[in-house]
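Here is a short briefing to read with the model open beside you. Please keep the sequence and the 3D view at hand as you go.

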Amino acid sequence: MTLRSVVIGCGHYLPERILTNSDIEKIVDTTDDWIIERTGIQSRHIAAEGETTSMLATRAAERAIENAGCLATDIDLIVLATATPDYTFPSTATQVQAALGIHSGAAFDVQAVCSGFVYALTVADKFLISGSHKRALVIGAETFSRILDWTDRTTCVLFGDGAGAVVLEAQSGKGTLEDRGVLNTVLRSDGRHRDKLYVDGGPSTTGTSGHLRMEGREVFRHAVTCLAEVIEETFAQTGVSAQDIQWFVPHQANRRIIDATARKLNIDPAHVVVTVEKHGNTSAASIPLALSTACQDGRIKRGDLVLLEAMGGGFTWGAALVRW
Ligand code: ACO
């Protein structure tokens, strides 16, 4: 018998306020055409004043738990990916744990920026398949609008706020690729690229939260190469090929990165879930937001083979193969 971490539910939450490209035209020197042509983004959601990452995460978690048909108290592990926590400490995960009325098990944050959800899923999977925990809530939640420099047109047009969550349950499988659950994960990082994408503040340096800084072209170039490499590694480790994948759910950074990666790997564009046009880049929240959207609209179904990939600040990057 092999233990597998099976997705039994998912959910998402987006703040009410929508900021369109035309709205951003009034803030910085940009145009709707430029943003759409370079990124595919048309609009993004922005958290209301006082609406924190843990609030978005809690709403997404409640929906995922309801979708799973279990109780919040059935959860014994919460792994939350974010680069925009409510506080330096305690972790956003423990805030969510309290808001959900869970007083047992373990809860902690994972910080891998845009790759955060793939990292968090991998960590939760290792806990579940070890037998130490039974049901995990894996959340990606961000309020990136709070760390953007709203005078910098090269970055502020790209990001949005939101949260997505999945409930994983340890179930026994046969140990084959036909099993439901997380089948393979690959994580990578290379800290030499810090200066290409970072936030210029923190508790131990400036004592402030800081603002996001990025060399867009360099990030773009590395993203396509790193993502292709980690997906090819997933294919090599599992024997799965692009044609076997029902749904490719990439991190939603930029339409051009998504298209270029899919092209490089011969992935049929009809099998790619894209939400970046309506969500912008929501960092660690982007993959669970896309997963939940595609489950709700009936695209991702039980038994489908789903490939996730992400790349972000650090650099960090990774991929996960999941049978839904
Ligand atoms: N509106 C209008 N003009 C702009 C804007 C804007 N919002 N931003 C930059 N420009 C201008 C630049 O000033 C430059 O003008 P110049 O030629 O007069 O100097 C021109 O547009 C071209 O700028 P580039 O930076 O070369 O434009 P590029 O085609 O590379 O697109 C972009 C920029 C969209 C940021 C792209 O590099 C990109 O998507 N990079 C990936 C970044 C990313 O996705 N990061 C997310 C985090 S990491 C991750 O999630 C993978």
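Predicted model: local features only at pLDDT ≥ 70, side-chain atom pairs only at ≥ 80, totals over all residues.

Residues are numbered from 1 along each chain as its sequence is written, and side-chain values use heavy atoms, with hydrogens and water left out.

**The ligand and its shell**

- The ligand is surrounded by 23 residues, and the closest are Thr30, Arg38, Arg217, His251 and Asn254; a residue counts as near when one of its heavy atoms lies within 4 Å.
- Both domain 1 (2–173) and domain 2 (181–323) give residues to this shell, so the ligand lies between them; the domain bounds come from an automatic or database domain assignment.
- Helices α2 (32–39), α6 (153–156), α7 and α8 (255–264) each supply at least two shell residues, and the largest share, four residues, comes from α7. Helices (H or I, at least four residues) and strands (E, at least two) are DSSP runs, numbered from the N terminus.
- By type, the shell divides into eleven nonpolar, seven polar and five charged residues. Here Ala, Val, Leu, Ile, Met, Phe, Trp, Tyr, Cys and Pro count as nonpolar, Asp, Glu, Lys and Arg as charged, and the others, Gly among them, as polar.

**Polar atoms facing the ligand**

- Arg217 has a polar side-chain atom 2.7 Å from an oxygen atom of the ligand.
- In the side chain of His251, an N or O atom is 2.8 Å from an oxygen atom of the ligand.
- Arg153 takes part through its backbone, where an N or O atom lies 2.8 Å from a nitrogen atom of the ligand.
- Of the 1000 Å² of accessible area that the ligand has on its own, the protein covers 76%; such areas come from the Shrake-Rupley method with a 1.4 Å probe, and for residues only the protein chains shown count as cover.

**Salt bridges**

- The structure holds eleven salt bridges, each a side-chain nitrogen of Lys or Arg within 4 Å of a carboxyl oxygen of Asp or Glu.
- Asp179 pairs with Arg4, with the closest N and O atoms 2.9 Å apart. Asp179 lies in the loop between β7 (161–173) and β8 (181–189) and Arg4 in strand β1 (residues 2–13), so the pair ties together parts 175 residues apart in sequence.
- Asp179 is buried at 7% relative accessibility, and Arg4 is buried at 11%. Buried means under 20% relative accessible area, exposed over 50%, and partly exposed in between (1.4 Å probe, protein chains only).
- Arg192 and Asp190 form another salt bridge, with their closest N and O atoms 2.6 Å apart; Arg192 is exposed at 72%, whereas Asp190 is buried at 16%.
- Arg221 and Glu218 meet at 3.0 Å, N to O. They sit three residues apart in helix α7 (residues 216–238), separated by about one helical turn. Arg221 is partly exposed at 48%, and Glu218 is partly exposed at 23%.
- Asp149, Asp200 and Arg213 are linked in a network of salt bridges.

- Ser5 is found in strand β1 and is buried, at 0% relative accessibility.
- The side chain of Ser5 makes a polar contact with the side chain of Asp125 at 2.5 Å. A polar contact is a pair of N or O atoms within 3.5 Å; within protein, one must be able to donate a hydrogen and the other to accept it, and residues adjacent in sequence count only if both atoms are side-chain atoms.
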